[in-house]
Amino acid sequence: MTAARDFVRQLAEENAVFWRGRDVRLDPGAPPDVRREQIRYRMRLGVYNELRSVELIAAWIPDVPEREIRELLAGQLDDEQRHYQLLRTRLISLGEDPDAYRPLPEWKALFDWLVACRTRPTLEKLAMFQFAGETQSCEGFETLIALAHDVDPETADLYRTRILPDEYRHASIGRRALTLFAEAPAAQERARAACREMNEKVFAAYRAHRARVDQHA
C-alpha cells in the first residue's frame, strides 16, 4: 500500500504530466501587443473566476464535516474575494470596465458543475479544486507573470506578490486533505479519478477559451 504522502507526490507528478505541453492560455512567442491583450483577457476571466470561487467555496463549506478543512476553506473564501477586488481594481486602472465582461459559456458550465459537486466526499472535492485546480492555477500564474514582466510589470507584480502566494496556500489545502484522507488504496483511486476528471474539464474550457482569444487577437 502506498503511504498517503507518497501518493500525494505521485499524483502531483501525474498532474504535471497531464498539463505538459497543454497550457494554451498564453503565447510566449507572440508580439508584445498580442501578449498584452492575452494578459488583459486572462485578467477579465480572472475577475469572473475569483467571484465564482467565492460562491463555490461558500456552497461547499456546509457539506465539509471535517472542522480542520472547513476552517481552511473559510480562509480561502476570504482570499478569493480579495483577489476579485484586486483584479477588478487593476482592470479599472487600465481603462477597462470589468462589469462589461460576459463569461464564456464553458467557464460558467465548469463552475456550475463544481458547485453541484458540493455533496461529494471532501476527499473528491478537494482533490478536484484545491489539489488539481489550484495547483494548475499556480503554474498558470507563474507563466502569466513571466510573460507580463516586460509588457505590464505592474500587473506582473500584482500577481507575484498579492495573488500567487495565496494560490500556493490554497493548493496546500488539497495536499493536506489528500494526506489526511487518502491512506487506503480505494480512497487513493477516488482521488486520482477526481483529479483526472477536473483536469479534463479545465483543459476543455481553456481550449475553448483560447479559440475565442485567437478569434479576437
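Is Asp79 buried or exposed? Asp79 has 7% relative accessibility and therefore counts as buried; buried means under 20% relative accessible area, exposed means over 50%, and partly exposed lies in between, with a 1.4 Å probe and protein chains only.

Before continuing, please note that this is a predicted model, in which local features need pLDDT of at least 70 and side-chain atom pairs count only at pLDDT 80 or more, while totals for chains, interfaces and linings use all residues. Residues are numbered from 1 along each chain as its sequence is written, and side-chain values use heavy atoms, with hydrogens and water left out.

**Stop 1: salt bridges**

The term denotes a side-chain nitrogen of Lys or Arg within 4 Å of a carboxyl oxygen of Asp or Glu. Asp79 belongs to helix 3 (residues 67-93) and Arg169 to helix 6 (residues 153-181), so the pair links distant parts of the chain, 90 residues apart. Helices here are DSSP runs (H or I, at least four residues), numbered from the N terminus. Arg169 counts as partly exposed because its relative accessibility is 41%.

Next, select Glu124 and Arg190. Their side chains meet in a salt bridge at 3.7 Å, N to O. Because Glu124 lies in helix 5 and Arg190 in helix 7, this pair ties together parts that are 66 residues apart in sequence. Glu124, at 12% relative accessibility, counts as buried, whereas Arg190, at 39%, counts as partly exposed.

Now select Arg192 and Glu189. A salt bridge joins their side chains (3.6 Å, N to O). Both residues lie in helix 7, three residues apart, which is about one turn of the helix. Arg192 counts as buried at 19% relative accessibility, and Glu189 counts as partly exposed at 40%.

To see a network of salt bridges, select Glu37, Arg40, Arg44 and Glu96, which are linked in this way. In total, the structure holds 22 salt bridges.

**Stop 2: the nonpolar cores**

Select Trp107, Trp113, Leu114, Leu178 and Met198. These are the residues with the most contacts inside the largest nonpolar core, which has 37 residues. Such a core is a set of buried Ala, Val, Leu, Ile, Met, Phe, Trp, Tyr and Cys residues joined through side-chain atoms within 4.5 Å. At least two residues of this core come from each of helix 1, helix 2 (32-60), helix 4 (105-116), helix 5 (122-148) and helix 7 (185-216). Helix 7 gives the most, with nine residues. A second, separate core has 18 residues, including Ile39, Met43, Leu91 and Ile145. In soluble globular proteins, nonpolar side chains tend to be buried together.

Return to Leu114 and display its surroundings. Leaving aside residues up to four places away in sequence, Leu114 touches Leu56, Trp60, Phe129 and Met198; contact means heavy atoms within 4.5 Å.

**Stop 3: the cavity**

Select Asn49, Phe111, Phe129, Glu134 and Ser137. Among the 22 residues that line the largest cavity, these lie nearest its centre. A cavity is a set of points on a 1 Å grid over the protein atoms alone where a 1.4 Å probe fits but cannot get out, and lining residues have an atom within 4 Å of a point. The volume of the largest cavity is about 280 Å³, and a search of the whole structure finds one cavity of 30 Å³ or more. Grid points are joined across faces, edges and corners, and a volume is the space filled by probe spheres set on the points. Helix 5 provides the largest share of the lining, six residues.

**Stop 4: the cysteines**

Cys138 counts as buried at 2% relative accessibility, and Cys195 is buried with 1%. The count of disulfides is zero.

**Stop 5: Glu13**

Finally, select Glu13 in helix 1 (residues 4-19). Glu13 counts as exposed because its relative accessibility is 53%.

Key
Disulfide = S-S within 2.5 Å. 1 Å grid on protein atoms, 1.4 Å probe; cavity = no way out; pocket = protein on both sides within 12 Å on 5 of 7 lines; lining within 4 Å.
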